[in-house]
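Visitor: Hi! Could you walk me through this one?
Guide: Happy to, here it comes.
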Amino acid sequence: VSLARYTAGEPDAGYRPIRLDRREMLKLLGSGIVILIPGGEAALAQGRSGDRYPDDFNAFLRIGADGRVTGFSGKIEMGQGIHTSLAQMLADELDVPLASVDMVMGDTLLCPADMATVGSRSTREYGMALRRAAAQARAVLLELASDRLGSPADGLAVRDGVVFVREDPDRSVSYATLTQGRAIERTLDRRAPIKARADHRVCGREALRADALDKVTGRGGGPGGRPGS
Amino acid sequence: MAEPIRFRVNDRATSLPVDPDRTLLWLLRTELGLTGAKYGCGAGLCGACTVLVDGEAVRSCTYPARRIEGRSVTTIEGLAVGGRLHPLQEAFAAHDALQCGYCTPGMILTAHALLARNARPTRDEIIEFMDANLCRCGSYQRIVQAIEAAAAAGGAP
């Protein structure tokens, strides 16, 4: 898939043209795999009709060239713990350590437009959309790894951000290596299957709150995540 | 122009002109950029603004800043030494003794003052001492647990 053809809006079977404002965002994000979800689908995930949300693309996550995962959410942390739980969801779907996931929240330039952080919707609605984006990212990474390792994608497995051949674990490649210097872009044109609960390794287990250290040291992380609030 | 006063903040000698009606909270937050102490009620009732002056917990929102002349102030930013968290900070994080975090600096510093005078407080003594620090998220149970854990870990200063 060519980024140039995308941004030019050239018809490309199975993919929708990207809008200009997203191109600006891609520039900001730099290299790495970017998974985009069409605005309509994001709105659907929010349980809202499409016209209540901006009609644009929403980026949910990035896998950087260093292998770190950055999740983007228009929701904010106000003590309810979603800074941590959304990161846990990403870690589970991508098979990466929780410690390698960073969240950017409530940044109106970088995060998917979102109405508000209300009604206990972050987990069951935004969380599901985030999971699907992560599941799709994992599928893309497995395709890239399959090319790289010369092994069918369905024979691959992932542990701690490293893709390996199930029958021959020495043949492996990390997400970091796969994403190095590359900007690949796909839309969620179908529902990516998310993991079954039984396969969760991070969600549902105790984790140190991502905002705890900032809050006990006074560095920041006040309500809404504002330093100095 | 107010006369400069000399004091220490988080072990650093400081000298600043301070107006007579300035409260310690705004001296810390505005002049010194130490925003760990929070403005809550502004009337000394909720404890979010608590800092230590010579080891005693004071409500900085009503505490005249000029009273720190010649004294030593500790804020939440000064509690970790050389990047090592104080046992109370560690315990608050480990026990999830916080949600929004707004009351947390005041809770930790009040608990610090408690452990300074009573290294192994009973549960009732903890509750009594912490009674005037409000947590609107309702993390009280875990806050008490964290203070117990910090005391057991030798958290007294």
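Guide: One term before we start: two strands pair if DSSP finds at least two bridges between them. Helices (H or I, at least four residues) and strands (E, at least two) are DSSP runs, numbered from the N terminus. This is a predicted model, where local features need pLDDT of at least 70, side-chain atom pairs count only at pLDDT 80 or more, and totals for chains, interfaces and linings use all residues. Residues are numbered from 1 along each chain as its sequence is written, chains are lettered from A and ligands numbered from 1 in the order in which they are written, and side-chain values use heavy atoms, with hydrogens and water left out.
Visitor: Which residue is the bridge partner of Ala157(A) in E6(A)?
Guide: That's Phe164(A). E5(A) and E6(A) run antiparallel, joined by four bridges.
Visitor: What about the turn of that hairpin?
Guide: Two residues separate the strands, and Asp160(A) in the turn has a positive phi of about 50°.
Visitor: And what stands opposite Val162(A) in E7(A)?
Guide: Ser174(A) does. E6(A) pairs with E7(A) (residues 168–174) through four bridges, again antiparallel.
Visitor: New topic: is Ser122(A) buried or exposed?
Guide: Buried (under 20% relative accessible area; exposed is over 50%, partly exposed in between, with a 1.4 Å probe and protein chains only), because its relative accessible area is 7%. Ser122(A) belongs to helix H5 (residues 121–149) of chain A.
Visitor: What does Ser122(A) touch?
Guide: Counting contacts as heavy atoms within 4.5 Å, and leaving out residues up to four places away in sequence, its partners include Lys75(A) and Leu86(A).
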